[in-house]
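Subject: Structure for you to look through

Dear colleague,

Here is the structure I promised to pass on to you, and I would be grateful if you kept it open beside this message while you read. My notes on what was found in it follow below.

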Amino acid sequence: MSEATALAVDGLAAAPGKRTTGHIGIDLGPATVQVPVILVNGARPGPRVGVTSGIHGAEYVAIAALRRVAMSLDPAELAGSLVAVPIANPAAFAARSIYLNPLDGKNLNRVFPGSPDGSASERLANWLYTRVIAPSQRYIDMHCGDMNEALTSFTGLEETGDPAVDAVALAMAEAYGLDYMVFGGLKGSTTTSAAELGIPALLGEVGGQGLWPEADVARHAGGLRRALAATGLLAAPADAPPMASRRLSGDVWLRSSATGCFHPAVTVGEHVETGQYVGEVQDVFGQVLQRVEAPVGGEVLFLVTSLAMNAGDPLLTIGA
Ligand SMILES: [Zn+2]
């Protein structure tokens with residue numbers, strides 16, 4: 001049996017059986033950001049698992065859950081290693097920014113694998129891609145509804161065409177055990193870039209609206225622990241089996257065609273029929289600018305809950 005070896009990311013390293021925490025400075029052009037990294041190196045050999053949260057800086061349930069799990073795992077009991085980045089987009093976290101990185105106005109989860117000489121988000125994506133995603137055998141990206149979004153919990157995974165890769169991703173999703181399991185990729189996202197490398201990858205989504213109630217944090221953290229157990233990194237907790245997720249073959253994003261006030265007529269988790277009225281965008285005086293109907297029947301997975309709405313922004317998604 002081979003020995004566990006040192007785990008290192010840039011200048012940060014953890015010996016077998018040890019946890020190391022620190023910040024790694026990354027020059028993004030307009031600013032250098034300090035990215036917090038938690039390395040947990042198991043006493044025994046096994047898979048290297050990369051986990052990120054805070055790709056969107058105001059998704060607090062995910063951030064709270066990852067730091068809890070990464071700081072509570074016992075390295076002596078792990079077979080393999082964890083590279084956790086709980087606040088992957090520090091400038092967006094500091095600014096409490098929805099969707100976008102304030103350093104360049106881009107959505108970090110649309111520019112993967114990024115570029116070492118691109119804009120701030122592209123450079124950050126490239127660092128995460130080369131240091132966290134590509135060297136891992138398994139990858140999980142934790143999100144939730146953004147500051148302005150309500151959300152019903154789901155995992156997201158894709159079919160890569162490689163049955164061995166897909167079986168591992170499916171096992172992680174089943175172990176995470178959220179309400180829905182949604183199949184389909186998103187170009188430029190963390191998990192799609194991982195899947196393109198042949199790395200089994202999973203998206204996890206619980207909670208939203210800038211809140212981080214204990215029930216949501218515990219659910220995200222419990223799901224992550226079970227998913228990590230499914231990779232072989234640790235033993236599965238016997239007392240908290242996953243619930244069965246309902247499978248959905250994809251999701252449809254509805255977007256606003258107008259800037260104004262959004263008045264939704266549905267709630268998250270609600271089933272809608274094709275053609276059902278789901279809300280409208282009004283101008284400030286109450287005139288209807290856009291009447292929105294569901295193009296497909298399905299379940300409302302997330303829903304913008306801010307009155308403020310901008311043309312081009314998401315209104316809601318329907319999983320079907
Ligand atoms: Zn997100």
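Let me begin with helix α3 (residues 120-133), which has 14 residues and should span 20 Å at 1.5 Å a residue, and its end C-alpha atoms are 18 Å apart, which agrees. The expected span of a helix is taken here as 1.5 Å times one less than its number of residues. Helices (H or I, at least four residues) and strands (E, at least two) are DSSP runs, and they are numbered from the N terminus.

Please keep in mind that this is a predicted model, in which local features need pLDDT of at least 70 and side-chain atom pairs count only at pLDDT 80 or more, while totals for chains, interfaces and linings use all residues. Residues are numbered from 1 along each chain as its sequence is written.

Is α3 mostly covered or mostly uncovered? Twelve of its 14 residues are buried, so that the helix is mostly covered, where buried means that 20 or more other C-beta atoms lie within 10 Å of a residue's own, exposed means 12 or fewer, and partly exposed is in between, with C-beta atoms placed from the backbone. Among the buried residues of α3 are Leu124, Trp127, Leu128 and Tyr129, and what covers the buried residues includes β1 (7-9), β3, β5, β6 (79-85), β7 and α5 (190-196). In the loop between α2 (90-94) and α3 you will find Gly118, which is partly exposed, with 17 other C-beta atoms within 10 Å.

The strands come next. Nine of them form an open sheet with mixed pairing, in the order β3-β4-β6-β5-β7-β11-β9-β10-β12, and two strands count as paired if DSSP finds at least two bridges between them. Because β3 (18-27) and β12 (246-248) stand at the edges and each has a single partner strand, one side of each is left without a neighbour in the sheet. Strands of a sheet pair through backbone hydrogen bonds, either parallel or antiparallel. Here β3 and β4 (residues 32-41) run antiparallel and are joined by ten bridges, with Ile26 standing opposite Val33 in β4. Their hairpin has four residues between the strands, and Gly29 takes a positive phi near 100° in it. By contrast, β5 (residues 44-53) and β7 (residues 138-143) pair in the parallel sense over five bridges, and the bridge partner of Thr52 is Asp141 in β7.

Finally, please look at helix α6 (residues 214-230), whose 17 residues reach 24 Å from the first C-alpha to the last, close to the 24 Å expected at 1.5 Å a residue. α6 is mostly covered, with twelve of its 17 residues buried, and what covers them includes β5, α1 (60-72), β7, α4 and β11. After α6 comes Gly232, whose phi is positive, near 95°.

α4 and α6 pack at an angle of about 145°, with their axes 7 Å apart; the axes are lines fitted to C-alpha atoms, for helices over the stretch in contact, and angles run from 0 to 180 degrees between N-to-C directions. In this packing, Ala171, Met172, Ala175 and Tyr176 in α4 meet Gly223, Arg226, Ala227, Ala229 and Ala230 in α6, where contact means that the C-beta atoms of two residues, placed from the backbone, lie within 7 Å.

With best wishes
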